[in-house]
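Reader: Before we discuss individual assignments, could you set out the terms on which they rest?

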Amino acid sequence: MPRLKKKEPAFIKVTRLIRGYAPTSKVAEMIGRSVPTARKKINDPRQFTLGELQMICLRAHIPAEDMEASIKF
C-alpha cells in the first residue's frame with residue numbers, strides 16, 4: 001500500500017512562528033504563566049487567548065503580518 005502524506009494541522013504554523021522568535025521559558029514570562037503551562041499552550045495554540053497572542057507578538061517583536069498569515073480563521 002502506498003503511504004499517504006499526513007496533513008499538518010492548521011495551527012502548526014503558529015507554533016513554528018512562536019518557537020522561531022522565543023524559547024518556551026521566555027514565552028512563559030511574556031504571558032505570565034508557568035513553563036509547563038506555556039509548553040502546553042505552544043503545543044496546542046488554540047488554548048491561547050487573543051490577549052496572550054498579542055502579548056507574545058509585542059514582546060517577541062513578531063510582525064503582525066506574519067502572525068495574521070499563520071492564523072487560519
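Author: Buried means under 20% relative accessible area, exposed means over 50%, and partly exposed lies in between, with a 1.4 Å probe and protein chains only. Helices are DSSP runs (H or I, at least four residues; strands are E, at least two), numbered from the N terminus. This is a predicted model, in which local features need pLDDT of at least 70 and side-chain atom pairs count only at pLDDT 80 or more, while totals for chains, interfaces and linings use all residues. Residues are numbered from 1 along each chain as its sequence is written, and side-chain values use heavy atoms, with hydrogens and water left out.

Reader: Why is T15 called buried?

Author: The relative accessibility of T15 is 5%, and because the cut-off is under 20%, T15 counts as buried. T15 is found in helix α1 and touches I42 and P45, when residues up to four places away in sequence are not counted; contact here means heavy atoms within 4.5 Å.

Reader: What makes S70 a buried residue?

Author: S70 has a relative accessible area of 7%, which is under 20%, and therefore S70 is buried. This residue, S70, lies in helix α5, and, leaving aside neighbours within four places in sequence, S70 is in contact with A10, K13, V14 and L17.

Reader: Which residues of α4 are buried, and how do you know on which side they lie?

Author: In helix α4 (residues 50-60), the buried residues are E52, L53, I56, C57 and A60. They cover an arc of only 140 degrees around the axis, which puts them on the same side of α4; the arc is that of the directions from the helix axis to the C-beta atoms. On the other side of α4, L50, Q54 and L58 are exposed, whereas the cover over the buried residues of α4 includes α1 (12-21), α2 (24-31), α3 (35-43) and α5 (64-70).

Reader: What makes the buried residues of α2 lie on the same side?

Author: In α2, V27, A28, M30 and I31 are buried, and because they cover an arc of only 160 degrees around the axis, they are on the same side of α2. Among the elements that cover them are α1, α3 and α4.

Reader: What is called a nonpolar core, and which members touch the most others?

Author: A nonpolar core is a set of buried Ala, Val, Leu, Ile, Met, Phe, Trp, Tyr and Cys residues joined through side-chain atoms within 4.5 Å. The largest has 17 residues, of which I18, V27, F48, I56, I62 and M67 touch the most other members; α1, α2, α3 and α4 each supply at least two residues of this core.
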